[in-house]
Amino acid sequence: MNDMAIDPRAHAAPEILETARLTLRPLTLADAAWAGRESGRWEVASKLAFAPSPNPALMAESFLLIARANAVTRGDLFRAVIDRETGDGAGIVSATVRPDGRREFGYWYAPFFWNKGYATEAGRALLDAAIAMGATSFHAGYFAHNPASRRVLEKLGFTADGDETPQFCTAAMKRLPHKGMALEV
């Protein structure tokens with residue numbers, strides 16, 4: 001099935017997704033402060049394609065507004081990942097619609113939430129929501145210097161797809177070795 005043929009209004013994901021420890025909810029402008037601060041940390045931004053380091057609140061607000069608009073017009077899924085116990089923003093997880101019809105799966109988390117299973121837990125919830133919307137094909141990737149991201153993707157069922165095209169990293173201001181992965185359901 002081609003994801004581009006899906007009418008996002010007819011097959012919308014639930015607004016709120018709950019897991020054992022997390023709430024995944026739509027992004028709001030109030031998220032810009034923590035999202036900009038945490039995604040702009042060098043140890044986070046250096047593992048992402050589009051986040052500058054530092055990431056000023058105005059840049060984060062622009063990203064959030066674009067993400068919200070794409071959710072309405074294309075059916076992109078962007079969710080703030082919130083720790084249910086503390087109410088803290090842990091990161092962002094997404095499944096956006098690509099021109100080829102596949103979903104681009106992505107995520108980032110604040111360092112405090114690393115190595116605790118949050119990425120896998122939130123990723124599974126978002127992928128399940130996208131699949132319930134009719135998505136059948138996903139692409140993801142990671143910079144070669146970030147094997148932890150590869151491990152998360154493998155836990156979610158992704159496998160290497162052979163795409164090793166270097167990708168630009170805004171924080172590093174250069175192209176870096178990048179590995180592609182795919183998931184077919």
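**Close-up views of a predicted protein model**

**View 1. Strand β4 holds the residue A90.** Helices (H or I, at least four residues) and strands (E, at least two) are DSSP runs, numbered from the N terminus. The model is predicted, so that local features need pLDDT of at least 70 and side-chain atom pairs count only at pLDDT 80 or more, while totals for chains, interfaces and linings use all residues. Residues are numbered from 1 along each chain as its sequence is written, and side-chain values use heavy atoms, with hydrogens and water left out. A90 has 0% relative accessibility and therefore counts as buried, a term that means under 20% relative accessible area, with exposed being over 50% and partly exposed in between (1.4 Å probe, protein chains only). Leaving aside neighbours within four places in sequence, A90 is in contact (heavy atoms within 4.5 Å) with W34, V81, W108, Y109, A110 and F113. Between A90 and W108, which are 18 residues apart along the chain, the C-alpha atoms are separated by 8.5 Å.

**View 2. Y109 and the largest nonpolar core.** A nonpolar core is a set of buried Ala, Val, Leu, Ile, Met, Phe, Trp, Tyr and Cys residues joined through side-chain atoms within 4.5 Å. The largest one has 33 residues, of which L24, F105, Y109 and F158 touch the most other members. Two or more residues each come from β2 (22-25), β3 (77-83), β4 (89-97), β5 (103-109), α4 (118-132), β6 (137-143), α5 (147-155) and β10 (178-184), and α4 gives the most, with 8 residues. Once its neighbours within four places in sequence are set aside, Y109 is in contact with V44, V81, A90, G91, V93, W114, Y118, A119 and A122. Another core, of 20 residues, lies apart from the largest one and has A32, A80, W108 and C169 among its members.

**View 3. Helix α1 (residues 32-39) is largely enclosed by the rest of the structure, because 6 of its 8 residues are buried.** The buried residues of α1 are A32, W34, A35, G36, E38 and S39, and they pack against α2 (42-45), α3 (57-73), β3, β4 and β5.

**View 4. The whole protein, with 5 helices and 10 strands.** Along its principal axes the C-alpha trace spans about 40 × 35 × 30 Å. Of the 185 residues of the protein, 49% count as buried. Among contacts between residues at least 6 apart in sequence, 65% join residues at least 24 apart.
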